[in-house]
Amino acid sequence: MASKGSGGGGTVVEIDKLSVEQLKSLKEQADLEVNVLQDSLNNIRTATSRLEAASTALHDLSLRKKLLVPLTASLYVPGKLDDADKVLVDVGTGYFIEVCAL
């Protein structure tokens, strides 16, 4: 038996009673859902690795307070980090996370 429909409230259908065309359609739908989930998992893994890299950088910054601040892709100016215990971290696609030291 297979569950057809989105979410947990779909209809129960016996697979052995479906036509070949219906089985192909069901497989295509399942493949699309797997691809969406795989893309979401890849995005989460990318965000996790960026957050881990940011955490390492914050640890290094807490040891030394002077840094270069990017103003453009090729222009950096000297800067000073006053409080390394509370910073914003860019995790991609316009999202930022406020990281506070414990």
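Which pattern does the protein follow, read along the sequence? I read it as β-β-α-β-β-β-β. I note that this is a predicted model, where local features need pLDDT of at least 70, side-chain atom pairs count only at pLDDT 80 or more, and totals for chains, interfaces and linings use all residues. Residues are numbered from 1 along each chain as its sequence is written, and side-chain values use heavy atoms, leaving out hydrogens and water.

**Elements.** I found one helix and six strands (DSSP runs numbered from the N terminus: helices H or I of at least four residues, strands E of at least two).

**Burial.** I looked up the 102 residues, of which 11% count as buried (under 20% relative accessible area; exposed is over 50%, partly exposed in between, with a 1.4 Å probe and protein chains only).

**Largest pocket.** I noted about 240 Å³ of space in the largest pocket (an open set of points on a 1 Å grid over the protein atoms alone, where a 1.4 Å probe fits, with protein on both sides within 12 Å along at least five of seven lines; lining residues have an atom within 4 Å of a point). Helix 1 (20-63) and strand 3 are the elements that give two or more residues to its lining. Strand 3 gives the most, with four residues. I listed the lining residues, among them Ala-57, Leu-67 and Val-87. The lining divides into nine nonpolar, no polar and no charged residues.

**Leu-75.** I placed Leu-75 in the loop between strand 3 (66-70) and strand 4 (76-80). Leu-75 is partly exposed, at a relative accessible area of 42%.

Terms used. Grid points are joined across faces, edges and corners, and a volume is the space filled by probe spheres set on the points. Ala, Val, Leu, Ile, Met, Phe, Trp, Tyr, Cys and Pro count as nonpolar, Asp, Glu, Lys and Arg as charged, and the others, Gly among them, as polar.
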